[in-house]
Amino acid sequence: MQMRKIFLGITIMTLCSSCKTQHERAIQKNKFEQKANPIADPDLFIGKHKAKAMVLGVFHFDNPGLDSYKPKYAFNILEKKRQEELEILLKQIAEYKPTKILVEWDRIQSDSITNERYLEYFNGTFSIDNKSNEVYQLGFKLAKKLGHKKIYCSDASAEWFGVKLDWDNYDLAAYLKSKGQYDKSTRYDFQAFYELNDSLKNCTNIN
């Protein structure tokens with residue numbers, strides 16, 4: 001009986017020691033993971049690191065016509081009047097003193113070639129005098145004005161989140177009717193809305 005008590009006591013001590021060792025290992029592992037990746041635990045990051053961001057939304061200066069609405073009103077950012085307006089806008093944004101400038105181009109496909117062109121532009125060996133795209137006219141010019149040696153491509157994908165559809169044979173009206181959303185979706189004339197916005201380019205300045 002005494003031997004059984006001694007054996008049981010040794011077993012319990014061994015189990016406690018094993019649990020303590022496993023717990024200590026878990027703590028050490030957690031500390032290592034946090035050191036390797038300081039944002040692994042949101043509580044260590046959220047609210048403790050603050051950054052200010054300015055988001056500038058503009059229409060496409062050189063619209064490629066890839067959207068469902070096709071621009072009907074001409075706009076030339078390279079005109080003397082528009083360039084003067086653009087310079088006022090750039091000065092106003094520069095007062096914000098951004099430390100990084102992100103442009104709406106795909107990071108994986110465009111970042112390296114964009115920065116190669118930007119550095120050439122920065123050094124005076126690449127001209128954007130005939131380039132209407134807002135990445136050049138806003139992004140490049142603002143970055144150079146601020147003395148930045150790099151810009152950042154960052155674009156949000158607009159691809160369909162789900163199965164690939166046969167868009168040539170996809171019947172949007174039929175789909176919306178099947179979901180009971182057709183009347184709601186046709187309540188407003190979005191083509192007229194886009195056309196109104198399109199027309200505003202020529203009756204106001206860009207700053």
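Colleague: In which hand does α2 pass α4, left-handed or right-handed?

Modeller: The crossing of α2 past α4 is right-handed. A crossing is left-handed if the near helix is turned anticlockwise from the far one by less than a right angle, and right-handed if clockwise. The names come from DSSP runs, numbered from the N terminus: helices are H or I runs of at least four residues, and strands are E runs of at least two. This is a predicted model, in which local features need pLDDT of at least 70 and side-chain atom pairs count only at pLDDT 80 or more, while totals for chains, interfaces and linings use all residues. Residues are numbered from 1 along each chain as its sequence is written, and side-chain values use heavy atoms, with hydrogens and water left out.

Colleague: At what angle do α2 and α4 pack, and how far apart are their axes?

Modeller: Two packed helices are described by the angle between their axes and the distance between the axes. Here α2 (residues 80-94) and α4 (residues 134-145) pack at about 50°, with axes 10 Å apart. Axes are lines fitted to C-alpha atoms, for helices over the stretch in contact, and angles run from 0 to 180 degrees between N-to-C directions. The angle therefore makes α2 oblique to α4. Under 35 degrees counts as roughly parallel, over 145 as roughly antiparallel, 65 to 115 as roughly perpendicular, and the rest as oblique.

Colleague: Which residues of α2 and α4 make the contact?

Modeller: On α2 they are Gln-83, Leu-86, Glu-87, Leu-89, Leu-90, Lys-91, Ile-93 and Ala-94, and on α4 they are Gln-137, Leu-138, Lys-141, Leu-142 and Lys-145. Contact means heavy atoms within 4.5 Å. By class, the residues in this contact of α2 with α4 are seven nonpolar, two polar and four charged. Nonpolar covers Ala, Val, Leu, Ile, Met, Phe, Trp, Tyr, Cys and Pro; charged covers Asp, Glu, Lys and Arg; the others, Gly among them, are polar.

Colleague: And at what angle do α3 and α4 pack?

Modeller: α3 and α4 pack at about 55°, and their axes are 10 Å apart. That makes α3 oblique to α4. Their crossing is right-handed. α3 contributes Thr-114, Arg-117, Tyr-118, Tyr-121 and Phe-122, while α4 contributes Tyr-136, Phe-140, Lys-141, Ala-143 and Lys-144. The classes in the contact of α3 with α4 are six nonpolar, one polar and three charged.

Colleague: Which residues of α3 are buried?

Modeller: Buried means under 20% relative accessible area, exposed over 50%, and partly exposed in between, with a 1.4 Å probe and protein chains only. In α3 (residues 107-122) the buried ones are Ser-110, Asp-111, Thr-114, Asn-115, Tyr-118 and Tyr-121. They pack against α4 and β2 (152-153). Asn-115 counts as buried because its relative accessible area is 9%. Neighbours within four places in sequence aside, Asn-115 is in contact with Lys-150 and Ile-151.

Colleague: What follows α3?

Modeller: Gly-124 follows α3, and its phi is positive, near 85°. Lys-97, a residue other than glycine, also has a positive phi, near 55°. Lys-97 is placed in the loop between α2 and β1.

Colleague: Is Lys-97 buried or exposed?

Modeller: Its relative accessible area is 66%, so Lys-97 is exposed. Glu-95 is in the loop between α2 and β1 (102-103), and its relative accessibility of 66% makes Glu-95 exposed. The C-alpha atoms of Glu-95 and Leu-146 are 9.7 Å apart, though 51 residues separate them in sequence.

Colleague: What about His-148: buried or exposed?

Modeller: At 12% relative accessibility, His-148 counts as buried. His-148 sits in the loop between α4 and β2. With neighbours within four places in sequence left aside, its contacts are Pro-98, Thr-99, Lys-100, Ile-101, Tyr-118, Phe-122 and Ala-143.

Colleague: Where does Lys-72 lie?

Modeller: Lys-72 lies in the loop between α1 (2-36) and α2. Its relative accessibility is 51%, so Lys-72 counts as exposed. Not counting residues up to four places away in sequence, Lys-72 touches Glu-195 and Asp-198.

Colleague: How many helices and strands does the protein chain have?

Modeller: The protein chain has seven helices and two strands. From the N terminus on, their order is α-α-β-α-α-β-α-α-α. Of the 207 residues in the protein chain, 20% are buried.
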